[in-house]
Amino acid sequence: MEAEVIKANILLPTHLSFKRMQMSDKYPKGYARGRHWKHLKQILQAENYQNFPPTDPNYVNIESPPSMYPSKKFCDITGFEAPYVDPRTTLRYANANVFKSIRSFPNEHVQRYLSLRNAAVVLK
Amino acid sequence: MQRNPPLIPPSEKRRFDPLDRNPGMYFKQERDLSVHAIAPMMGVFVVGNESIADEVEFQVDVIQQTKLEAIDISSNLAFLREHFSSALRRFCFAVYSHDFIFSMLNLRAEQVDHPILITECVCNPVQSRSKLAELLFEGYGVPSVAFGVDAVFSYKYNQQIGVCDKDGLAVWSGLNTSHIIPFVNGEPVFEACCRTNIGGYHVTDYLKQLLSLKYPNHMSNITWEKVEDLKMEHCYVALDYASEVRLFQKGAKEAEEKNRCWQLPWIPPPAEEPPSEEEIARKAAIKEKQGQRLREMAAAKRSSRITELENELQGLEFLLHQLENVQENDVPSFLSETGYISKLEIESAVVRVTQSLKKAKREQVEIEEKMDPSMTEKYTLINIPDNMLSPEQLKEKRKQLFIKTTSEGRQRAKQKRFEEELDRERQNELDEKKRLENPELYLEQLHAKHRELSEKFEQRKRLKVNGTHTNESHNSSGGVGCGERLNAAQKERMRLLTTAAFDRGKGEDTLGTRDEDWQLYKLMSKDIDDDDEGQDEDEAELARVTSRLQDIDPTFVAKSEIGPFQTIVEIPRFRPLTKEDFQIILGVERFRCPEILFQPNMIGIDQAGMDEMAGISIRRLPLKGNSVEERITNSILMTGGSCLFPGMGERLEAGIRKIRPFESPIRVVRASDPVLDAWRGAAAVPFSEQTFSRQDYYEKGEDWLRRYNLRYTF
């Protein structure tokens, strides 16, 4: 082990006295650990919130609703205000210079910019 | 009743320091003798399970007999970032972290003998709670467990120290989520709570993406940790995003000042000094010497050859001389020894050797000039009319005629070549002049010509390729198949053949029985691949134009001949990389990224921003009246790691003022220590009475936890 790792003190001994079951017993070496954690959606579904009165606060209840104000459109590349949209790539842009650079982007770039806005084309 | 000893907050706790490269664990022991020993002491653990300021900080406070240990563990474990929505669902990490904590506390007993208070998110799903309880009870043997909301703890603590009032609003911004929790009479009103799924993680992620898209060649430098550092150091919240952005768009001077520049490590290439005088002189001397050596070698070779030839000449002359002395009959036998057959041969050999000798001596061929006078001698017979000559002389004459015509032809050809050269020279000069006059126009013309030619070339090639492909696919016999009659000559040929064949008629193919039929072939053009010639010409032309363009235009590159659909790649201009290439400039991004906390639409998340959330939360309050709302807005507390951005307080205030009626009191304060206040608040709560003990766990089961609610006031 490197000296800095030891000094940082982030390693644990293999046998911890306060644990009832050691990690090394649970996952013996060489076994693939197939951990399947439940997704949040599954957890929430299993909660069965509909059996309880709707006024009770629960994880789903307190989520905030969509914004009431119309969203302001900002340029995807520069962050300025964007009155225009490129029809080919649906990117928002602020002025002609930005437009020129948009048209020279490879497709991968375009998709990444769109995914920043959650607007990328996702092929399932 | 057990009372916990007065809390001494751990001093000088080292929280995450942006410049710290080696987080590790910081262990601070404080033997504070002012802690009175109260026996029997029950050690109480408070474990903060919330991700604060983009990392998980576990703070464990053990109140024991004489020691007050505060362990502030900043573990920069990357996978812990995946806590979505703050609801704990990956319990392996909980296990690891608990292991870590407990082992750091040097617990030696068979089990953990202390009650544990765990912080969670608002309205934690029961499953999370129950799994965690299971882990603690079964795995560690903990006697009892309590759960509480971290934001509430933070508020309570600040209330205790007087920063905010009994009624107020807690604005908590964490790693993955942001909550707004109103307080009435010191207790949180969870029905009116509001949560948006945007937190510090999203801000950092946004910044990272923006930077890597803007500077794709520095992507390896833009790591998550580094971007977090940048965010903490440089990001701020603009009071009004639109106006701030307009400042930048105009390019105003304030905008320039707000730009921060991050210089990546860069080593300039070792500058090549212009070769000094002596260097140049030395190099020239070496070259001169080499040249001299070559010349000497050539001279030596030439002189040796000359001597060789002279010897040969001498030998031959001697032979000739000898031959004169020898009689006629003995000539063949005499000559057979030497290898020459006749005197004529020897003489011609002599002539040859003298010529080569002269050539070697003078390096200039003046044979042609010499030939001409010798030729004119030999043409003597031509002028004499035929009837005066003997048959032998006639033969001579014909030979001479032939020689004369050929030499004249050669001369004419040379002349023509010379003239062509002159012509081309003139053309080039004209071209140059045109270019110098109007370089752009010239360049454009050349480009246009190149394009034309290359297109024609490629089209022809494509047709040919297509033709051969169809040929192969149809598997027809050799020669002209069904798809191959592509140019005019071939079409004409076919037409001729078909008309000729058609003329016959009578159900029989008798083309070719008569001799005149074969004249048909004389009408056709001789070569089928006539276009090849034209193509060669075009190819030559194209090559010339290409080379010319390459000479003149530095940005021109010949289209590759592989396919017309390949994109033209510009030759990268090989200018030396400067310092500026290695700079990353944060301008608009500084306030664009934290803006998503207030406008989640920028990132595509369709929820309300923080200022709007406050309005929603107040609206959701179940009991209104008694000017509760005003009291609430009068004490708004910002906590949580992601509220450390400068300018956030003002922005929140401005946002809330928009929603509230005119002149309602609004006061926004930041918690005394946004990052660690939750822990402190949790440490202050006497929760030992409100725990969920192991007995309960075995009897009532986990589902009972649904009804578990900590009472926060005391």
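Predicted model: local features only at pLDDT ≥ 70, side-chain atom pairs only at ≥ 80, totals over all residues.
Local features need pLDDT of at least 70 and side-chain atom pairs pLDDT 80 or more, while totals for chains, interfaces and linings use all residues. Residues are numbered from 1 along each chain as its sequence is written, chains are lettered from A and ligands numbered from 1 in the order written, and side-chain values use heavy atoms, without hydrogens and water.

Start with the cysteines. The structure holds zero disulfides over all chains, a disulfide being a pair of cysteine sulfur atoms within 2.5 Å. For Cys593(B), the nearest cysteine sulfur belongs to Cys235(B), 5.3 Å away. Cys593(B) is buried at 0% relative accessibility (buried is under 20% relative accessible area, exposed over 50%, partly exposed in between; 1.4 Å probe, protein chains only).

Now the charges. The count is 18 salt bridges over all chains, each a side-chain nitrogen of Lys or Arg within 4 Å of a carboxyl oxygen of Asp or Glu.

One pair is Glu81(A) and Arg246(B), with closest N and O atoms 3.3 Å apart. Glu81(A) lies in a loop of chain A and Arg246(B) in helix 6 of chain B, so the pair joins two chains (helices are DSSP runs of H or I, at least four residues; strands are runs of E, at least two; both numbered from the N terminus). Glu81(A) is partly exposed at 29%, and Arg246(B) is partly exposed at 44%.

Within chain A, Asp86(A) bridges to Arg103(A) at 2.8 Å. Asp86(A) sits in the loop between strand 1 and strand 2, and Arg103(A) in helix 4, so the pair ties together parts 17 residues apart in sequence. Asp86(A) is buried at 0%; Arg103(A) is partly exposed at 34%.
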